[in-house]
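Here are my notes on the model you sent. They are set out as numbered points, to be read with the structure open.

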Amino acid sequence: MWSFRVRGDIMSIGFKTDIGKRRELNEDCLYVSGKSSPVWAIVADGMGGHQAGEVASGMAVEDISEYVDLNFRPDMDYVEAGEVLRRAFVEANNHIYNYSVRSSKFMFMGCTSTAAMIHSGKLIIAHVGDSRVYSAKEKLVKMTKDHSYVQELVNRGIITEEEAKVHSRRNEITRAMGTEDSIKVDISITPYNGEKILICSDGLTEMVDESEIFEIMADNDNPADACRALVDRANEYGGRDNITAVIIDTKYEETEEDPK
């Protein structure tokens with residue numbers, strides 16, 4: 001877990017990724033910034049059933065993080081910061097796509113990518129795919145909308161959110177990094193008031209209900225402990241996919257006794 005002070009507040013980030021119980025390879029990839037400005041993280045999930053999903057997720061995380069490191073300035077406002085994230089996703093998509101079309105080994109590879117940044121009193125989210133960002137204060141609030149077949153059905157009023165959770169095609173995503181030569185990136189900017197932020201792959205949300213995710217986060221003040229507990233619970237329930245969780249919290253202050 002990493003902790004640092006941001007404008008007088010202690011901000012801590014915990015993270016955990018795990019292969020799960022049924023996969024032979026962990027195609028999830030994460031990045032957590034070690035800098036106090038901006039505070040941000042990425043979760044990417046290689047597309048199951050496609051070639052070299054782990055390569056795509058690794059490229060996405062590396063390209064996005066490098067672009068932000070090179071182009072973000074602390075004096076940027078939140079709109080400019082959001083544009084840096086958007087451009088980082090676009091550049092990463094171009095790299096993954098061009099890499100894949102040059103080799104049959106990597107053809108059609110892709111991944112989800114979801115990033116959350118806290119800057120200038122705002123929560124800035126960039127999102128492609130079905131990894132998610134949640135805000136947790138009084139309750140768990142989903143801050144992203146899945147780019148998936150079942151989400152489209154929900155949007156049209158054909159099925160409910162509850163029906164989407166058990167739909168036979170719930171794992172089909174409609175937008176991914178690297179599968180086309182251009183990408184539309186969802187950017188959202190909302191006020192940030194110190195709530196916990198969870199970024200996770202669908203290996204967590206497929207196995208653990210949102211109400212239980214909130215309970216685990218509420219029961220574990222240390223973000224690193226909370227991430228471990230979330231991953232453990234997903235594995236207890238079967239661990240059908242790779243599992244990744246990142247939690248950002250401004251209220252937890254690390255002590256010398258805390259495990260690293």
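Is the crossing of helix 1 and helix 2 left-handed or right-handed? The first point takes this up, and the others turn to the sheet and the strands. Please keep in mind throughout that this is a predicted model.

1. Handedness and angle. Helix 1 and helix 2 cross in the right-handed sense. Helix 1 covers residues 53-71 and helix 2 covers residues 78-101; they pack at an angle of about 140°, and their axes are 8 Å apart. Angles over 145 degrees would count as roughly antiparallel. The two helices are therefore classed as oblique to each other.

2. Residues in the helix contact. On the helix 1 side, the contact is made by Val55, Ala56, Met59, Ala60, Asp63, Ile64, Tyr67, Val68 and Asn71. Helix 2 contributes Val84, Leu85, Arg87, Ala88, Phe89, Glu91, Ala92, His95, Ile96 and Tyr99. Sorted by class, this contact of helix 1 with helix 2 has 14 nonpolar, two polar and three charged residues.

3. Five strands form an open sheet in the order 3-4-5-6-9, and their pairing is antiparallel. Strand 3 (28-32) and strand 9 (186-191) are the edge strands, each pairing on one side only. From one strand to the next, the twist averages 10°.

4. Strand 3 with strand 4. Five bridges join strand 3 to strand 4 (residues 39-46), in the antiparallel sense.

5. Helix 1 on the strands. Besides packing with helix 2, helix 1 lies across strand 3, strand 4 and strand 5 (111-119). Helix 1 runs at about 160° to strand 4.

6. Strand 10 and its partners. Strand 10 is joined to strand 7 (residues 132-136) by five bridges, and the two run antiparallel. Strand 10 is also joined to strand 11 (residues 243-249), by four bridges and again antiparallel.

7. Burial of strand 10. Is strand 10 (residues 196-200) mostly covered or mostly open? Strand 10 is mostly covered, with five of its five residues buried. This holds for both faces: Lys196, Leu198 and Cys200 are buried on one side, and Ile197 and Ile199 are buried on the other. Note that a lysine, Lys196, is among these buried residues.

Definitions and conventions:
Residues numbered from 1 in each chain as written. Predicted model: local features only at pLDDT ≥ 70, side-chain atom pairs only at ≥ 80, totals over all residues. Heavy atoms only, no water. Buried < 20%, exposed > 50% of the residue type's maximum accessible area, 1.4 Å probe, protein only. Pairing = 2+ DSSP bridges. Axes fitted to C-alpha atoms, helices over the stretch in contact; angles between N-to-C directions. Parallel < 35°, antiparallel > 145°, perpendicular 65-115°, else oblique. Left-handed = near helix turned anticlockwise from the far one by under 90°. Contact = heavy atoms within 4.5 Å. Nonpolar A, V, L, I, M, F, W, Y, C, P; charged D, E, K, R; others polar.
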